[in-house]
Every structure is written in structure tokens, then in C-alpha cells.
Amino acid sequence: QASPCRFMLATFVTTMAENAGKTHEIAGPTAADASETDLEAAPGRNANKALDLVAQQATHAHCMMPPRTSLFLMCYCSGLALVNLVVILPTGPQYARGMGASDAEYGLAVGIIPLAALLGIVLNQWMLKRLHMTLKETLLVLAVGSIAANLLYASDGVVQSRYLLFCSRCVTGIFNGFNLAPMYISLTVGTQRRAEVSFYFSAAATLSLAVGPALASGINFMMLNVFTSHNAVWNASTAPGYCMALVYVFYMAKVSAFFQDLSVDVTAPP
């Protein structure tokens, strides 16, 4: 009688164990099994999150744009440099002849600005990377130099020296800062918008070459019809120098008030 009882008990235990196994397969893993699975999958999820973060940062870097006011002031700086180059063209020949310079010497005075601008590029990079000046400080220094150059040009109406004319145009070229706007665009504009912004910069530069002679002609018209009292200090030939000096004073005020500076680590990386 004992043997049948033990057989029935063993059969019951075996059946319960099989039913428990089937229930586990249907219900899925237990809490302990799920925690073990989560621990095994955690490194993969962290890696995916890191990849998503890198992708978001890369997208932001491709599409990033600087503050519009700062970008405008940088393009404005290059535009002023070109206006300063051509503003003397309508009245410059007569001005040069008055101080004994030939047409060839006047042409040299005009063409010396791009040559002096090569020295200006060296000066800009020296201020940014050797002296560790910020971009705003560099712009202000260049504006001060441009003001001095235009005042030298205007004062030559009194001095009547062709050498001072050459000197003033050399200083104009050294402090023009034309190369800073492309550098700023490359540092602050993402690759997806860089071609667009470069197009705007080129359009502004081309427009400046037309604004310069038009401004000089307007000043000449005002000198002939409004400011009729002329002398060696204030006349149609010296007025462009004084006007451009005043324009750079206003530009300094705008840069001081509205330009959002870049970190020195950006403009002069170690």
C-alpha cells in the first residue's frame, strides 16, 4: 500500500513542477530576471543616449549662427574698409596735384592700401594670438587707427606733403581689418549656413565699392552748394577724410554697445 502512495505523491510533484515551468514561460521573466536583463541592457542604452547627444550637438554645430547684430557689425567693418579705399576717387586726383604729386604718384597712393593690408593681417593675428586681445578690442584698435588715418589724410590740405598722403593711405590699409569678417564667419557660422552668410558678405562688399564714390560725390555736392566757405582745412578734398573719421567714431560706439565678443580660446586656440 505504501508503494502506490509514494508513486502518486511523486507523480503529483512532477506534474506541479511542469505546470510551474509552463506558467513561467507564459508569464515571462520574474522581477529578478528582469532586473538582470536591465543590467545587461544598460550599457547599450547609455551608448545610444551618448550617440543621440553627439548627433544633436553635431546638428547644432552645422546650423549654428552668431548674433545677427554682431555679424552685421563684422560685415560693416569690411564694408567701411572698402568705402575708405574708394571714397577719395572723385576728389583725390585734384587733391594730389595740389600738393605736387603726379598722376602716377596718386595712383600709387590708391594702390598702396591693399599692399599695406597685408601688414594689417599680420597685425591682426599678432593682436589676437600673441597679445590675446579679444575680437572686440581688436575692432576698437582698428577703428582708432582708421580715424587717425583719415585725419592724416584731411590734415594734408594744410601740410601739402605728398609723403603725408602716402603715409595716411598706408595707415588706412594697415588698420582696415578686412580679413576679420571672413574669420568671424568661419568661427561662428555652421557649415550648412556658411555659404549663405558668405554670399551676404560678398554682396555687402560689392555694394561698398559703389557706396564709396557715391558718398564722395554727395559730399562734393554739399561742399559746393551748402558749405560754400572753403579753406585749406575744410574743402571738397579734405571733407571725405573728416566724414570717414566721424563714421568710424560712430562705428566704435556701435561695437562697444552691441557687439557680443568671442572668447579668447576661440580666436586664439592654444
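This is a predicted model: local features need pLDDT of at least 70, side-chain atom pairs count only at pLDDT 80 or more; totals for chains, interfaces and linings use all residues.
## The cavity

A search of the whole structure finds one cavity of 30 Å³ or more. The volume of the largest cavity is about 50 Å³. Two elements give two or more residues to its lining: helix 6 (135-159) and helix 10 (239-258). Helix 6 gives the most, with four residues.

The lining is made up of Cys 77, Leu 139, Leu 142, Ala 143, Ser 146, Phe 175, Asn 176, Gly 177, Tyr 248 and Tyr 251. By class, seven of the lining residues are nonpolar and three are polar. None is charged.

## The nonpolar cores

In soluble globular proteins, nonpolar side chains tend to be buried together. Here the largest nonpolar core holds 46 residues. Met 74, Leu 135, Leu 139, Leu 180, Tyr 251 and Phe 259 touch the most other members. Helix 3, helix 4, helix 5, helix 6, helix 7 (162-174), helix 8, helix 9 and helix 10 each give two or more residues to this core. A second, separate core has five residues, among them Leu 82, Leu 85, Val 86 and Ile 113.

Take Met 74 from the largest core. Neighbours within four places in sequence aside, Met 74 is in contact with Leu 135, Leu 139, Leu 180, Ala 181, Tyr 184 and Phe 259. Leu 139 also lines the largest cavity, as does Tyr 251.

## Helix 8

Helix 8 spans residues 180-188. Its buried residues are Leu 180, Ala 181, Met 183, Tyr 184, Ile 185 and Thr 188. What do the buried residues of helix 8 pack against? Their partners are helix 3 (68-86), helix 5 (103-130), helix 6 and helix 9 (191-225).

Ala 239 is found in helix 10. Its relative accessible area is 0%, so Ala 239 is buried. Beyond neighbours within four places in sequence, Ala 239 is in contact with Ile 219, Met 223 and Trp 234. Ile 219 is 20 residues away in sequence, with a C-alpha to C-alpha separation of 7.1 Å from Ala 239.

Ala 101 sits in a loop, between helix 4 (92-98) and helix 5. Is Ala 101 buried or exposed? Ala 101 counts as buried because its relative accessibility is 6%, and the cut-off for burial is under 20%. With neighbours within four places in sequence left aside, Ala 101 is in contact with Ala 96 and Arg 162. Arg 162 is 61 residues from Ala 101 along the chain, yet their C-alpha atoms are separated by 6.0 Å.

## Cysteines

A disulfide is a covalent bond between the sulfur atoms of two cysteines. The structure holds zero disulfides. For Cys 77, the nearest cysteine sulfur is that of Cys 75, 9.6 Å away. Cys 77 is buried, with a relative accessible area of 5%. Cys 77 is also one of the residues lining the largest cavity.

The cut-off for a disulfide is a pair of sulfur atoms within 2.5 Å. Cys 170 is partly exposed, at 22% relative accessible area.

How values were computed:
Residues are numbered from 1 along each chain as its sequence is written. Side-chain values use heavy atoms; hydrogens and water are left out. On a 1 Å grid over the protein atoms alone, a cavity is a set of points where a 1.4 Å probe fits but cannot get out, and a pocket is an open set with protein on both sides within 12 Å along at least five of seven lines; lining residues have an atom within 4 Å of a point. Grid points are joined across faces, edges and corners, and a volume is the space filled by probe spheres set on the points. Ala, Val, Leu, Ile, Met, Phe, Trp, Tyr, Cys and Pro count as nonpolar, Asp, Glu, Lys and Arg as charged, and the others, Gly among them, as polar. Buried means under 20% relative accessible area, exposed over 50%, partly exposed in between (1.4 Å probe, protein chains only). Contact means heavy atoms within 4.5 Å. A nonpolar core is a set of buried Ala, Val, Leu, Ile, Met, Phe, Trp, Tyr and Cys residues joined through side-chain atoms within 4.5 Å.
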